[in-house]
Every structure is written in structure tokens, then in C-alpha cells.
Amino acid sequence: QVQLVESGGGLVQAGGSLRLSCAASGNIFRINAMGWYRQAPGKQRELVTRITSDGSTNSADSVKGRFTISRDNAKNTLYLQMNSLKPEDTAVYYCNAEKKVTGIWVDYWGQGTQVTVSS
């Protein structure tokens, strides 16, 4: 099992910044990738940005140039630096980890952290 705990959400004005953190614990050996997803009210959960074990990243077009994913392997922590926030970034942000368990890909999720951007 992998446990993920997010922190750092909150209320910010448009144009502001926030940094989210995701602390991973448990059986984190051989996690293939970690990422951030978000879900706005009435919408499906969507990928924000993701980083693989070899450091490759991919991001949604809507956040490119504004959001940056990074990780501190020594602290087993994933970060999401969000700059130039817009009201449409308002959502619950979830940390995700992908891992193959007995040959099957498994997704692990944190509990989510609310990000609210006021106009």
C-alpha cells in the first residue's frame, strides 16, 4: 500500500501563487509515476501534471508555463508550484501514484486539497 497526504491548498486571489505538497509513505518502492489531478464541481477529474520515475513530465495545456511539478526523493514528497492562478484553477487537487502490483497497474490517491482562486 501507498499512502499519500496532500497539503498546501487554500484561498488565493487571481494572479497569486500556491505550493501543494504530497507526502508519500508505505510501500513506495518502484512507483512508476506520480502526479497531480484536479476535479472542479460538476466536472470529471483531469490530469494537471505528472512526472515519471525517470523524470519525464507531461502537463495539461491549460497549466503549461504556470504550474511546475517537482519531487524531493529524500523526503518522499511531491510538489506542485502553481503561479499566475486563475479562477478556473479552482478545484480539489489530488495527488496520485502509479505502481505495478503483482503485474497489475494500481492507482493510489490522496484525500485531496481544496484550491480556491477568487477573481
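Predicted model: local features only at pLDDT ≥ 70, side-chain atom pairs only at ≥ 80, totals over all residues.
**Stop 1: the open sheet**

Start with the sheet of 4 strands. It is open, and its order is S1-S3-S8-S7. The pairing is antiparallel. Now select residues 2-7 and then 67-72. These are strands S1 and S7, the edge strands of this sheet. Each of them pairs on one side only. Look at how neighbouring strands sit: on average they are turned by 20° against each other, direction ignored.

**Stop 2**

Pick out Arg-71. Opposite this residue, in S8, stands Leu-78.

**Stop 3: strand S9**

Move on to residues 91-101, strand S9. Is this strand mostly covered or mostly uncovered? Strand S9 is mostly covered, with 8 of its 11 residues buried.

**Stop 4: the partners of S9**

Select residues 31-39 next. This is strand S4, which runs antiparallel to S9 and is joined to it by 8 bridges. Find Met-34; its bridge partner in S9 is Ala-97.

Then go to residues 113-118, strand S11. S11 and S9 pair in the antiparallel sense over 3 bridges. Show Tyr-93 here, with Thr-113 in S11 as its bridge partner.

**Stop 5: the hairpin**

Finish at residues 104-109, strand S10. S10 runs antiparallel to S9, and 6 bridges join them. Glu-98 has its bridge partner, Asp-107, in S10. S9 and S10 form a hairpin, with 2 residues between them. Zoom in on the turn: Thr-102 has a positive phi of about 45°.

Conventions:
Residues numbered from 1 in each chain as written. Heavy atoms only, no water. Pairing = 2+ DSSP bridges. Axes fitted to C-alpha atoms, helices over the stretch in contact; angles between N-to-C directions. Buried < 20%, exposed > 50% of the residue type's maximum accessible area, 1.4 Å probe, protein only.
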